[in-house]
Amino acid sequence: MSDSDLDALRAQRMSQMQSHFGGGNDAEKQQAQQEQMRAQEEIKHSILSQVLDQQARARLNTLKVSKPEKAQMFESMVIRMAQMGQVRGKLDDAQFVSILESVNAQMPQSKSSVKYDRRRAAIDSDDDEDYGC
C-alpha cells in the first residue's frame, strides 16, 4: 500500500469528520456523503486490485453475489491487513481461501432446522370415495 493511498484515506476521514460535526443544509450534507461514499468505494477497489490477483478477484466477485455480508467482512479484513503491512505481494487463490476460512470462523453460525408437522400429513386422506354417491 502506497503513501498516497494512506493520505487519501486520511483526507477522506478528515472530511468525513468535518462534515459530521460541521453545519450546512441537508442537501449539501447528503451530496457530500454520497461523494465520500464514492471516494471510499474507489479507494477500496484500488486497494483490493493491488492486493488480490486475478483469480482471487474473481472468487471475491462470486462471493459478493452469493454472500454479500461475508464478502464485505473479507474485504475489510484484507484492507486492514494491507494497511498494517501484513500483505506482501498479491494474494493468490490459496491465501484467499485461508483468509476466508478465518472470516468464516468469526461469523456467527446460523443453524437451520426443518419442522415437520405430522398431524397435517395424517389429515390428508385418500378416502374421498366414501363421501360420493
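## Surface and overall make-up

Residues are numbered from 1 along each chain as its sequence is written, and side-chain values use heavy atoms, with hydrogens and water left out.

You will find six helices and zero strands here, in the order α-α-α-α-α-α (DSSP runs numbered from the N terminus: H or I of at least four residues for helices, E of at least two for strands). Of the 133 residues, 23% are buried (under 20% relative accessible area; exposed is over 50% and partly exposed lies in between, with a 1.4 Å probe and protein chains only). Taking contacts (heavy atoms within 4.5 Å) between residues at least 6 apart in sequence, 69% join residues at least 24 apart.

## Confidence

Mean pLDDT, the predictor's confidence in each residue from 0 to 100, is 81 for the protein chain, and 83% of its residues reach 70 or more. Helix 3 has the highest mean, 91, and helix 6 (residues 118–123) the lowest, 62. Where pLDDT is low, the predicted coordinates should not be read in detail.

## Helix 4 and its partners

Helix 3 (residues 54–66) and helix 4 (residues 68–83) have axes that come within 6 Å and cross at roughly 140° (lines fitted to C-alpha atoms, for helices over the stretch in contact; angles run from 0 to 180 degrees between N-to-C directions). The two are therefore oblique to each other (under 35 degrees is roughly parallel, over 145 roughly antiparallel, 65 to 115 roughly perpendicular, the rest oblique). Leu60, Leu63, Lys64, Val65 and Ser66 of helix 3 meet Pro68, Lys70, Ala71, Phe74 and Glu75 of helix 4. This contact has six nonpolar, one polar and three charged residues (Ala, Val, Leu, Ile, Met, Phe, Trp, Tyr, Cys and Pro are nonpolar; Asp, Glu, Lys and Arg charged; the others, Gly among them, polar).

Helix 2 and helix 4 have axes that come within 10 Å and cross at roughly 75°, which makes the pair roughly perpendicular. Lys44, Ile47, Leu48 and Val51 of helix 2 touch Glu75, Val78, Ile79 and Ala82 of helix 4, giving six nonpolar, no polar and two charged residues.

## Serine 46

Serine 46 sits in helix 2 (residues 26–51) and counts as partly exposed, at 25% relative accessibility. Its C-alpha lies 8.8 Å from that of aspartate 5, 41 residues apart in sequence.

Note on methods
This is a predicted model: local features need pLDDT of at least 70, side-chain atom pairs count only at pLDDT 80 or more; totals for chains, interfaces and linings use all residues.
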